[in-house]
Structures are given as C-alpha cells and as structure tokens.
Amino acid sequence: MPVPFALDLGDDGFVVGYDTRLRTMSWDATTNETRWYGGIEGGLRSELTAVSPGGRVAGTAAVQGPRYEIAKAVRVDGPLPLVPVDRSPSRYDSVRAVNDANTVVGASDPVASPGRTEAFVWTDQRRVLAPPPGAWSSTEAVAVNASGWVLGWGAGTDATGSFRRQVLLWSPTGAATALPPLGDGTQMVPVAIADDGRVIGYRLRADGRGDALVTWTAAGGYDVVPAPTPNGSSVDLQVTDADADGTTVGAVRDEQASPPLRPFLYEPGTGFRLMVDPSGTPLPTVPQAINDGHEALVRVGAHPHLWTPCP
C-alpha cells in the first residue's frame, strides 16, 4: 500500500498514517485513492493515528511552541481540511481513537509537568475525562465505541489509599467507573471497547508478560481466555486491537515454537486462529489493527500490508 507509515485501518481497506515527509495521508484500497491532508502550520509534522469504521479520521499536527513543536489533536469536520482542537502551546496531545460520530479520544501531557497525562474526549468541544475519586497521577483514553463509551486507564492512589494502575470506563456523559482488579498480582491492559460494551484487553502478570486475552462486561464480569500454548511453555501474549463486534488481533511469543512469533485473530465462540501468509507460514509480525471485515493491518519488513483471512 502507498502509505509508508500506516497506523490504523477502517472498513473496506481505508488506511491512515503519514508519509516520508511526515505529513498526514490516507489510502482507500477499494478505489485506490490516496489523499493528503496537510497540517495546521506549514512544514510541521502531522499524522493520522485513528480512523473510525465509517472513515472519520483523526490524529495530531504540530504547532510551533516557544521552544519545541507541540502536537495538537486534529480531525476533519465535513469537507474542510484538518481542524485542531486548539492551538494552546501548554500541552501535547496524543490521539488514540475516533468513532463515526467524530468523537475523538486520547490524552494530553502538560508541558509544565511532563508525565501527568489527562484523558480527554473531543465532541463539540474538548473535555477532560475526570477519574473516579482518588489521587490519580495520570489518565489516558484509549478507545471509544459507537455509543460514545470511552475506555482508558489511570495510575495513582485510589480511594483506599493504594497505588495502582486501573482500567477506567467513562459513560457518554462522563461518569467514570474503575473496573475491579483481576487479582493474584495481575492486571488488565485495556485495548478496545466493542459496540455492545465489552471491554477487551489482555492480562499482564507481575513479571511483565501477557498470558491471557481478557474481556469484561458489566453483567458478567471478567472472562479470561489463556494464551494458546501447544507445548505448555511460558509465553508472552499481547492484544493490539479489536473491531466493533469484539474480534481481536494480537500475537503470542512462544520461544519453543517455530517460528516463535505467532500472530493471531481471535473470535468469540471460535477461538484463536493463526495468521498466516498464502504459503501457510505464520506472518513474521504483530498485527496493528483490524476492521469490521476482519482485514488486518500488518507490517512485514519495511512495508505495510492488508491481510485478509481465507475462508
């Protein structure tokens, strides 16, 4: 595909990212149309980091700060070029997701206090997403579904006085809920939220390795699916993305397997499926994104590709 640095994938093979000149661009696999969006200040870096299933795009573009370039959240409103959330030089923005209603989520990092990120949602205007009660040192929003529910995480001291990193869920009105911990010294890394409200991520052990795909619902709580380990060996699992119905992509590293990197597609009710090339060899990469047609964005060597499962 003609997007040198592809970062996200919408339906029908719509890919977004940036080019070798560090400028926002997209490519439509259906029409073979390539589009450049420019930036908000000429000559400064811009990139599209998120695309919704229906083709809404968002990312960041730089403005010139007093000393450095400052990344600001941007999106496209109607037929206009990139529109910035603001031009304030007081904080850096990162954009993680956008839905078909053009709701953008991510995090801002204050220039004056680096590392103390705050989750935000941008609908008609930008709003900070307040965490539940407690002394939270940083928060980040990582996903938004079609209904406007936002998934993220927070780190800090909770209402009990314990320091922890927790999964956070914000309703469309901004009400925050902290998901209960998994227990046994493990934690859930949040990745995506399906349109039915399922939270999707993976379990991280105390040693820093992932070992299970995890989903959570308000009605049923946690569902933990251990990583496939044919040899019974210790593995490291990572979930990278999920589509609107909860189909998930990621990879397992199993040092006893050949090759050790095992990218997968996981469907509820079907289980794990190894992602392979036309010859049946596992793809030598970790998939970046998946769309509702179960196409996946992968990078093999220096080149991005679209992967489509065979029947």
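The model is predicted, so local features need pLDDT of at least 70 and side-chain atom pairs count only at pLDDT 80 or more, while totals for chains, interfaces and linings use all residues. Residues are numbered from 1 along each chain as its sequence is written, and side-chain values use heavy atoms, with hydrogens and water left out.

- Four strands make up an open sheet in the order 21-22-23-24, with antiparallel pairing; strands are DSSP runs of E with at least two residues, numbered from the N terminus.
- Strand 21 (236-242) and strand 24 (271-274) are at the edges with a single partner strand each, so one side of each has no neighbour in the sheet.
- On average, neighbouring strands here are turned by 30° against each other, direction ignored; the axes behind such angles are lines fitted to C-alpha atoms, and angles in general run from 0 to 180 degrees between N-to-C directions.
- Six bridges join strand 22 (residues 248-253) to strand 23 (residues 261-267) in the antiparallel sense, where pairing takes at least two DSSP bridges between two strands.
- Gly 250 has Phe 264 in strand 23 as its bridge partner.

**The aromatic cluster**
- The structure has three aromatic pairs; rings of Phe, Tyr and Trp (its six-membered ring) pair if their centres lie within 6.5 Å, and planes under 30 degrees apart count as stacked, over 60 as edge-to-face and the rest as tilted.
- One of these pairs is Phe 264 with Phe 272, edge-to-face at 5.0 Å centre to centre and 80° between the planes.
- Tyr 266 and Phe 272 have ring centres 4.8 Å apart and planes at 55°, so this pair is tilted.
- Together, Phe 264, Tyr 266 and Phe 272 form one aromatic cluster.
- Phe 264 is buried at 2% relative accessibility, and Tyr 266 is buried at 11%, whereas Phe 272 is partly exposed at 26%; buried means under 20% relative accessible area, exposed over 50% and partly exposed in between (1.4 Å probe, protein chains only).

**The hairpin**
- Strand 5 (residues 46-51) is mostly covered, with six of its six residues buried.
- Its antiparallel pairing with strand 6 (residues 57-64) runs over five bridges, and Ala 50 stands opposite Ala 58 in strand 6.
- Five residues lie between strands 5 and 6 in this hairpin, and Gly 55 in the turn has a positive phi of about 105°.

**Charges over rings**
- Arg 75 places its charged end over the ring of Trp 122, 4.0 Å from the ring centre; this label requires NZ of Lys or CZ of Arg within 6 Å of the ring centre and within 35 degrees of the ring normal.
- The charged end of Arg 165 sits over the ring of Trp 153, 3.8 Å from its centre.
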